[in-house]
Amino acid sequence: MDVRAETRYRRLPGRGPRRKGFMTVSFSKSSLYLSDDHILAVESTGFSEDYKRFYFPDIQAIITRRTRRGATWSIVLGLMTACSLMGALFLEREGVCIFFWVLSGAFLVFLSVNALRGPTCICHILTAVQEDQLPSLNRLRVARKVIETLRPAIERVQGRLRPEEVNTDQNEGVLPAARTTRPLRQPHARGHGIRHDSGTIHLTAFAFILFDGILTSVLLLFHTSTMTGVSSVLTLIYSILVIVALVKQHESDIPGPVRRMAWASLGFVCVSYILSYILMMTTLMAGRPERMMTQWDMYRVMLDLSPQDSPLVMGVYGFSATCSLVLGALGLVRVKRHRDDSASASRSGKNSGGEVNG
Amino acid sequence: MEEISCTYCHQLIPAGYYNTSDLIPCPSCRTPVKMDVFSAFYRGLQPGKEGETLIDDQASCFYHPRKKAVLLCDHCGRFLCALCDVELGGRHLCPVCLETGKKKARIVNLDRHRVLYDGVALRLALFPMIMVWLTIVTAPIAIYLSIRHWNSPTSVVRRTKVRFILAIVISSLQILAWTTGIVVLVSRR
């Protein structure tokens with residue numbers, strides 16, 4: 001009974017890691033193979049492979065969902081390119097200029113590749129007993145191509161779905177919330193319920209960002225090293241808080257606008273750090289390297305930098321103050337709105353419960 | 001009727017949104033989704049087969065003497081009732097042969113995990129080249145692994161021996177280089 005050489009596989013387009021968020025660090029790559037009677041999902045680390053087989057008669061549906069990962073990467077890479085170009089244009093030393101030109105070129109290549117690959121998506125395959133992700137189908141164009149390849153193979157086994165089998169009433173609308181939340185059929189029995197989050201971490205993070213924005217605005221007019229030190233400590237605190245908020249908002253009932261503000265804050269934090277780095281490099285190259293022998297020396301020189309010293313410092317302070325004030329204020333308003341909505345919903349829930357009991 | 005959830009907000013999506021030509025916004029979270037639904041979704045799980053009860057002098061199942069035999073196991077030839085018949089890749093097997101085949105990794109369609117010895121050997125030959133001195137240890141190990149696992153099952157989807165061959169060639173060259181270096185050093189003294 002040796003059935004080893006019987007199955008022949010054809011590789012389907014697409015390859016990618018199993019994703020659990022915006023950034024995924026994974027050494028395993030997943031790909032799909034097509035056989036006569038099943039699809040084989042292979043997850044390979046290079047040292048070993050794990051297999052999952054989805055037989056054509058068992059496949060109930062393939063669900064494709066567009067994601068914003070590609071667009072977000074484009075924004076991040078665009079900002080990186082812009083910052084590198086700034087460094088290349090503003091710095092005077094030839095060696096550093098070349099370094100930044102090369103860096104901006106590399107970011108531009110990544111940006112172009114990301115744009116050419118098209119919009120991103122996540123695909124799930126549904127059978128009677130599980131719902132599993134197909135990590136290799138991470139671009140919409142590839143997903144469409146693979147589904148078009150699979151459809152005839154699946155329909156050959158299952159038969160074509162007749163229109164009368166599907167209730168095509170487009171006016172069914174959204175189902176009432178009480179019966180809508182249903183856990184997904186996951187192979188790893190993960191709890192997929194949406195939990196309630198009051199947004200306290202978001203509120204704290206946005207409050208810190210707003211406070212830092214006010215402090216930076218004051219620093220634009222009256223610069224002191226102590227206040228700059230306090231501002232850098234605040235930046236460190238809200239950077240951590242923003243990351244915690246992003247983790248906490250995953251699979252929670254935090255509304256979309258608050259989520260987007262948290263992501264925007266992370267983008268702002270990243271850009272701030274890059275700008276600070278460029279500022280430090282510029283100061284270092286501007287003829288004061290002898291004052292910056294250690295990390296502490298560098299920090300002290302950065303604390304002494306006044307917006308009045310150069311247009312670049314003024315620009316960085318101005319950008320930082322504007323973004324902090326806008327992000328902080330808008331974020332606070334949106335979290336407040338979410339908290340108010342949650343409070344009124346729980347009050348109405350209690351009232352209706354009381355009426356039923358009464 | 002059974003309905004599918006949005007993979008983002010986990011809210012049920014009505015049947016009117018299935019099999020559309022392009023992505024459409026989820027009615028709850030407005031995330032663009034596309035549901036390609038097939039007939040199996042409406043059929044659900046099919047009931048399992050039942051063995052027929054034996055009448056008079058009919059042949060009985062090897063595992064269930066009171067059930068009527070309907071076919072033979074393709075591997076051991078035992079009589080099987082409909083309950084004991086397991087169809088896999090167009091072959092009919094009895095539960096014992098299936099279990100044995102799974103344990104001895106003889107049925108490729110039941111394999112869920114494989115160690116890629118060819119990949120291990122090739123990486124063992126290549127990666128230590130960054131720190132040259134490590135190759136004195138890793139090159140013989142790579143050759144040993146390649147020879148030891150030459151006939152071991154490799155990936156289900158690719159079956160060439162090219163990685164083993166490359167590992168042997170690269171490791172042999174490394175050993176040759178080390179031998180030449182040592183000989184040159186000794187002869188200079």
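**View 1. Helix H6(A) and its span.** The expected span of a helix is 1.5 Å times one less than its number of residues. In this predicted model, helix H6 of chain A covers residues 225-248. H6(A) has 24 residues and reaches 35 Å from its first C-alpha to its last. That is close to the 34 Å expected.

**View 2. The buried residues of H6(A).** Thr228(A), Ser231(A), Thr235(A) and Tyr238(A) are buried in H6(A).

**View 3. An open sheet with strands from chains A and B.** The sheet holds 5 strands, ordered S1(A)-S2(A)-S3(A)-S4(A)-S9(B), with antiparallel pairing. Its edge strands are S1 (10-11) of chain A and S9 (113-115) of chain B; each pairs on one side only. S4 (residues 48-55) of chain A is joined to S9(B) by 3 bridges. Here Asp50(A) stands opposite His113(B).

**View 4. The largest nonpolar core.** This core counts 39 residues. Leu32(A), Ile63(A), Cys123(A), Ala143(A), Val146(A) and Met35(B) touch the most other members. Elements giving two or more residues include strand S5 (61-66) of chain A and strand S4 (32-37) of chain B. Helix H3(A) supplies the largest share, 6 residues. Another core, of 20 residues, lies apart; among its members are Leu203(A), Leu241(A), Ile254(A) and Phe268(A).

**View 5. Contacts of Met35(B).** Residues up to four places away in sequence are not counted. Met35(B) touches Ala61(A) and Ile63(A) in chain A. In chain B, Met35(B) touches Ile4(B), Ile13(B), Tyr17(B), Tyr18(B) and Asn19(B).

Notes
Residues are numbered from 1 along each chain as its sequence is written. Chains are lettered from A and ligands numbered from 1 in the order in which they are written. This is a predicted model: local features need pLDDT of at least 70, side-chain atom pairs count only at pLDDT 80 or more; totals for chains, interfaces and linings use all residues. Two strands pair if DSSP finds at least two bridges between them. Helices (H or I, at least four residues) and strands (E, at least two) are DSSP runs, numbered from the N terminus. A nonpolar core is a set of buried Ala, Val, Leu, Ile, Met, Phe, Trp, Tyr and Cys residues joined through C-beta atoms within 7 Å. A residue is buried if 20 or more other C-beta atoms lie within 10 Å of its own, exposed if 12 or fewer, and partly exposed in between; C-beta atoms are placed from the backbone. Two residues are in contact if their C-beta atoms, placed from the backbone, lie within 7 Å.
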